[in-house]
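Please consider the fold presented below.

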Amino acid sequence: MEFLDLKTQQKRIRKPLEKRINKILDHGAYIMGPEVFELEEKLADYCGVKHAISCSSGTDALLIPLMAWGVGPGDAVFTTPFTYVATAEVITILGATPVFVDVYESTYNIDCDKLEIEINKVIKQGKLKPKAIIPVDLFGLPARYRLIDKIAKKYNLKVIEDAAQSFGGSIKNKKVGTFGDVAATSFYPAKPLGCYGDGGAIFTNNDSLAEECKAIRIHGTKTDRYNSERIGLNGRFDSIQAAVILEKLTIFDEEVGKRNIIDAYYRKYLNNAQYHPEGYQSAHALFSITIGSKNKRDELIKKLTLKNIPTVIYYKLPIHMMKAFDYLGYKDNDLPISIKLSQTIVSLPMHPYLASEDINKIIETIKR
């Protein structure tokens, strides 16, 4: 049994993908070739935004808009500690300070009540200037953007939707990629829409922001590639990776539909999964459940392993408990929901090609 099955998916797209790759080998534009711009048009059309800007990774997709806004030392950026480290990493790279906000125990996404509390704490302390919010759409489920946008407007903050895991999701038919001032996704191979290397994309309706992001991804250049008009980075996208995404897009909605069916089947028998509010459609990047304690979680993992059922823990440590972030001064009892989740959560196999007999085997093993 595979935790993530890319081999079966590849069989479906291999012939047209090989045709695309051969075309790239013929024209020789291996970086930022015509496939990249074709993909950007299709991604923008899929989400319903004016601009989709490809880049070298999901991390750079978060970093580039922050650079465009001039986020730096003295700025506070609010985000969740219960996610992959890249979300906080991009803040610290620019010299800004991540301010962590605990999550809802039900959805694992940023708690909007606690978000406003943390913003007011920073304002009252007067040491940092609140600048932006990076909500994370954890495991494919969009965060509460209606409330987040309301808070952002109240305090004049920018919002980056961290959609690294949620491309293909939606809230009431409004697709992921359209929330906040800008959205960022990842094409890491394990994502619902992943390439065979690294890659990402930025989504926005803001024309000037789009132009700045395009410049930053190519060393800050605009019209002259040998004259940087601002500080940038090497964030360009490979043509072969664009070809992979283009072919995967042709079956993507079908795959999301299959993930939805598998998710619903799991939920018929397992009542301890991530809560999905009405009107919220997850991309089902992962299917995760919580067990009563760390010991019980570890016992379940052993039981599943004996049956050759793979599991992964996302995430073993909240970011604020990682050694790299000791300098922020968080204590062991800070952000208790994130800590509790890290000790009780486990992710089960989730992909469009998961056989029904495998799902039944997983459920039966857990229920015993």
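The description below begins with the basis of the model and then turns to the sheet.

The model is predicted: local features need pLDDT of at least 70, side-chain atom pairs count only at pLDDT 80 or more, and totals for chains, interfaces and linings use all residues. Residues are numbered from 1 along each chain as its sequence is written, and side-chain values use heavy atoms, with hydrogens and water left out.

An open sheet of mixed pairing is formed by seven strands in the order β1-β9-β8-β5-β4-β2-β3. Strands here are DSSP runs (E, at least two residues), helices likewise (H or I, at least four), numbered from the N terminus; two strands pair if DSSP finds at least two bridges between them. At the edges lie β1 (51–55) and β3 (97–100), each pairing on one side only. Within the sheet, β8 (residues 182–186) and β9 (residues 200–204) run antiparallel and are joined by four bridges; A183 has F203 as its bridge partner in β9.

Helix α7 (residues 207–216) packs on the sheet and touches β1, β8 and β9, contact meaning heavy atoms within 4.5 Å. Helix α3 (residues 58–68) lies across β1, β4 (129–134), β5 (158–162), β8 and β9.

The largest nonpolar core has 32 residues, and F82, F139 and Y266 are among those with the most contacts inside it. Such a core is a set of buried Ala, Val, Leu, Ile, Met, Phe, Trp, Tyr and Cys residues joined through side-chain atoms within 4.5 Å, where buried means under 20% relative accessible area (1.4 Å probe, protein chains only). Its largest share, four residues, comes from α11. Apart from this core lies another, of 30 residues, including I13, L39, C47 and C195.

Note on methods. Axes are lines fitted to C-alpha atoms, for helices over the stretch in contact, and angles run from 0 to 180 degrees between N-to-C directions. Buried means under 20% relative accessible area, exposed over 50%, partly exposed in between (1.4 Å probe, protein chains only).
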